[in-house]
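Open your viewer, switch to a cartoon view and follow along. Each stop tells you what to select and what you will find there.

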Amino acid sequence: MTEPLLQVRDLVVEFPTRRGTLRALDKVSLDIAPGEVLGVVGESGAGKSMTGAAIIGLLEPPGRIAGGSISLRGQRIDNLPAREMRKIRGKRIGAIFQDPLTTLNPLYTVGRQLAETMQTHLAIDAAEARRRAVGWLEAVGIPAAAERVDAYPHQFSGGMRQRVVIALALCAEPEMVVADEPTTALDVSIQAQVIALLKRLTREKGTSVMLITHDMGVIAETADRVAVMYAGRVAEIGPVRSVVKAAAHPYSAGLMASIPPLSHKVDVLAQIDGAMPRLNAIPQGCAYNPRCPHVFDRCRVERPELIPATETRAACWLFDSTAPRERAHV
Amino acid sequence: MSETPIFEARDLSRHFDVSKPALQRLIAREGRRTLKAVDGVSFAVPRGTTMSLVGESGCGKSTVARLAVGLYEPSDGQALFEGQDLAAARKSVGQRRRMQMIFQDPYASLNPRWRVADIVGEPIRAFGIANGGAALKEKVGALLRQVGLSPADGNRFPHEFSGGQRQRISIARALSSNPEFLVCDEPTSALDVSVQAQILNLMKRLQRELGLTYLFISHNLAVVRQVSDRVGVMYLGRIVEDAPAETLFTAPRHPYTRALMEAIPDLDMAGRERQPVGGEVPSPISPPSGCTFNPRCPLANDRCRAERPALIAARGTPETRVACHAVEEGRDGFGDRATA
Amino acid sequence: MGAVSRFLESDLFWSFRRTPTAVLSAIVAFVIVVGAVFAPWLAPYNPFDLASLDLMDAFNPPAFMPEGTAAHLIGTDDQGRDVLSAIMYGARVSLLVGVSATAFALILGVLVGLLAGYAGGAVDAVLMRIADVQLTFPNILIALLVDGVARAVLPREVHDEIAIYVVIVAIGISDWPRFARTVRGSALVERNKEYVLAARVIGISPARIMLTHVLPNVLGPLLVLATLNLGLAIVSEATLSFLGVGVPPTQPSLGTLIRIGNDFLFSGEWWITVFPGVALVAMVLSVNLLGDWLRDALNPRLR
């Protein structure tokens, strides 16, 4: 494998609260290769958005990185001063959020926002920036881009706004983009358009993408590899087809099985009983052990690291070949 | 089917006045503006079955849900509960208790200041179903057990529960008046998938055990496929296709239905390239003339732009009602696809 | 056990303990309230007992000044009344008027706000326009108006007897729109929430929905508003009394004391007016700071 573009190692994010410190991310490790699309899935509260926020340096206080490292092409970016991080954000890592209105400034025309972003990060003059702004709007499929460049964000529909945000995230030609639920607020037909657009543009530019979403369907169609998160940890990571078709970790397998199929009707959907633990009540050992159908004694005491499973890497003692499997009651 | 359907919509419409305030209208010299959220919708929900309405945001499906329990008055047409006018039926306590609703947002659908037992018990008290505190407590406990919670949970407040558990509480509340007709407005769309499966399974089990009738509103076709007997696809306030669930999913007829199915990312399609339907849903305040889908439709011709298609039995799949000139004229290539 | 321990465990109490301003304000407010409420038992003298008054004691300076005596810690006024005792009795009147006026405004405002928020449409428009119009006039002007009308309509003896109630109503009437607007705003939000729809589906009456569902959910902002309003009401009362249209001179409030003392401010007997003034400022400031803290503590976004 080539040298990773982004390397996250044992990332720990903590939130000090009145009743003690909550660990929102607990030793998260993942890599993104140049040009790769890494999907990050998990249920709400699993820590997927938190991982994205930590990477782009936008953790909401009082959350803070309490351990581990984030490196972009070998350079640590988790401990940079805010000024330095601002330069990286936009220039080297772009960001797309669920709500386009959090990214777009309502007071400026979209053309001006695009042009300013490019002028800040690229060595081009105003005329060139404007010319490219029109080009970007065309590239993201805004009809009549030459006129719409002087329109304000509120004059666009939700789907069109998200297209503008994609242009804004990509216009400074970053090496990677963190896209956090980019289509969740959109209707299915618009979602399909936006996903297709994001796929095409990043492939053309060779941009890496960290695609954070709860929608496995979107991941299955878009990502090369996928990381499944659970209770602030990575449960499994591997090629998207393997995770979808042959997930190793019992949680990923349960998650995939519980997605209702469009192709046929099933009598009883596979379900995972219970709910993900709250951050202040994460069980000892494997965080999934109280809900796991394959749980054995070791799972309740010792936390598994990511180890090679059949086709992926999974944090599950079922795949530990060094120790004999001592199942409790089977 | 000769039996009266438990719920029936006949040419049901609901319009909203979205005009600016009178003074602004006067200054801008504008007239009143009407949003036709639901525009002449007809369907029936037979007893013991699930009828689903599916569509994208703004298609009017949630407005139909609210019309179906009397939260809105129809602007035109009729909402019938067992053949009786809904508003008249709701005047009687005995009829009102037979219909209930389950909502989308498990965080907004439970009063945060009330204990769970009071929330679940509210309909019981309102309809005078249990006599005395002990009977009430017992009934609430039984309901909580029925939805997979414990009677002791009644003493807790909603914020102590997860989203899925709250939705169970919401279902327990809906069941507490022993209803027969449940309107479910996106009951799982705010939930995570694994929890969604729990709730869908619970709802299916309850339907079997209690003989419930569901009007199920959702934007998620895969979920709709799992729960429905019949499905209506809505676009801009109208039903464009209404068919038995199996027929709809195996032989979708309306170009919009087909586009919608094509747009859904599917697990089996890892890495697939798709041609998504172009364009966006037009504003319901000034919908296109003729068939409202015509600006996005690959089969649109002059007739589609001028004449509004009626919802009629489709050639080839007579159980399907579809509002499409192309299907009526045989321009949709249905026979070709079936034989190919 | 129960309520007390739950309160001590609560996030609100935790935030309170971590906010020095709030703790200090609470202590000051507590001292003033105790001193005022229990004035008949705690005050060194009864300033209204004519028998104990001695004009020989008039204009005694505070104890720390050369001619001061320990008998009157912060001096006496022109009639020989002990200033400290007068302040304690005066604070009692000020608090009584402030609390009653706020309660009056709160109840009126909640009723109007709930009605407007739930009924919507024309009822809402009319009620809120009335509130808007009233908000454009300074509170004190409205209070003066109400008081003036009462004086004109009621015979003098009757008016003196019920003057304190007139002041309460006058201030209460000038303050209700704030409560009404807050409640209406919250009611508009709450009435579209799904738990209210659920109650409507089973046919719970609008009035009942407003009182049992909506009202409990707007109590937080109401509590903040009531606390802040208490400070304002006390100031309004002091202003009215200072202008001589407030409580009758037989029951002097802090405002009355300040007015009386004002006459002597430039003849050297400053303590007669300054100490009531200090007491008024301390009372209003502590109540307001508590209100500010409460607003921040109940606002989830500022946590």
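Domain bounds on this tour come from an automatic or database domain assignment. This is a predicted model, in which local features need pLDDT of at least 70 and side-chain atom pairs count only at pLDDT 80 or more, while totals for chains, interfaces and linings use all residues. Residues are numbered from 1 along each chain as its sequence is written, and chains are lettered from A and ligands numbered from 1 in the order in which they are written.

**Stop 1: the domains of chain B**

Colour chain B in three parts: domain 1 (1–98 + 179–250), domain 2 (107–178) and domain 3 (290–340). Between the C-alpha centres of domain 1 and domain 2 of chain B there are 25 Å. Now look at where these two touch, counting residues as in contact if their C-beta atoms, placed from the backbone, lie within 7 Å. Here 11 residues of domain 1 of chain B meet 12 residues of domain 2 of chain B. Select helix α8 (residues 193–210) of chain B, which gives the largest share of the domain 1 side, four residues. That side of domain 1 of chain B holds nine nonpolar residues, one polar and one charged. In this scheme Ala, Val, Leu, Ile, Met, Phe, Trp, Tyr, Cys and Pro are nonpolar, Asp, Glu, Lys and Arg are charged, and the others, Gly among them, are polar.

Helices (H or I, at least four residues) and strands (E, at least two) are DSSP runs, numbered from the N terminus.

**Stop 2: the sheet of chain B**

Next, show the strands of chain B. Eight of them make an open, mixed sheet in the order β6-β7-β8-β3-β9-β10-β12-β11. The edges are β6 (99–102) and β11 (312–313) of chain B; each has a single partner strand, so one side of each lacks a neighbour in the sheet. Two strands pair if DSSP finds at least two bridges between them. Zoom in on β6(B) and β7 (residues 181–185) of chain B, a parallel pair with four bridges. Which residue of β7(B) is the bridge partner of B:Ile102? Select B:Cys184 to see that partner.

**Stop 3: a loop in chain B**

Select B:Leu236, in the loop between β9 and β10 (238–244) of chain B. Its phi is near 50 degrees, a positive value in a residue other than glycine. Is B:Leu236 buried or exposed? With 23 other C-beta atoms within 10 Å, B:Leu236 is buried. The cut-offs are 20 or more such atoms within 10 Å for buried, 12 or fewer for exposed, and partly exposed in between, with C-beta atoms placed from the backbone.

**Stop 4: where chain C meets chain B**

Bring in chain C, where 14 residues are in contact with 18 residues of chain B. On the chain C side, α9 (194–201) and α10 (206–242) each supply at least two residues, and α9(C) gives the largest share, seven residues.

**Stop 5: two loops of chain A**

Finish in chain A with A:Pro61 and A:Pro62, joined by a cis peptide bond with omega of about 5 degrees. A:Pro62 sits in the loop between α1 (48–55) and β4 (64–72) of chain A. Last, select A:Glu173, in the loop between α7 (158–170) and β7 (176–180) of chain A. A:Glu173 has a positive phi, near 55 degrees.
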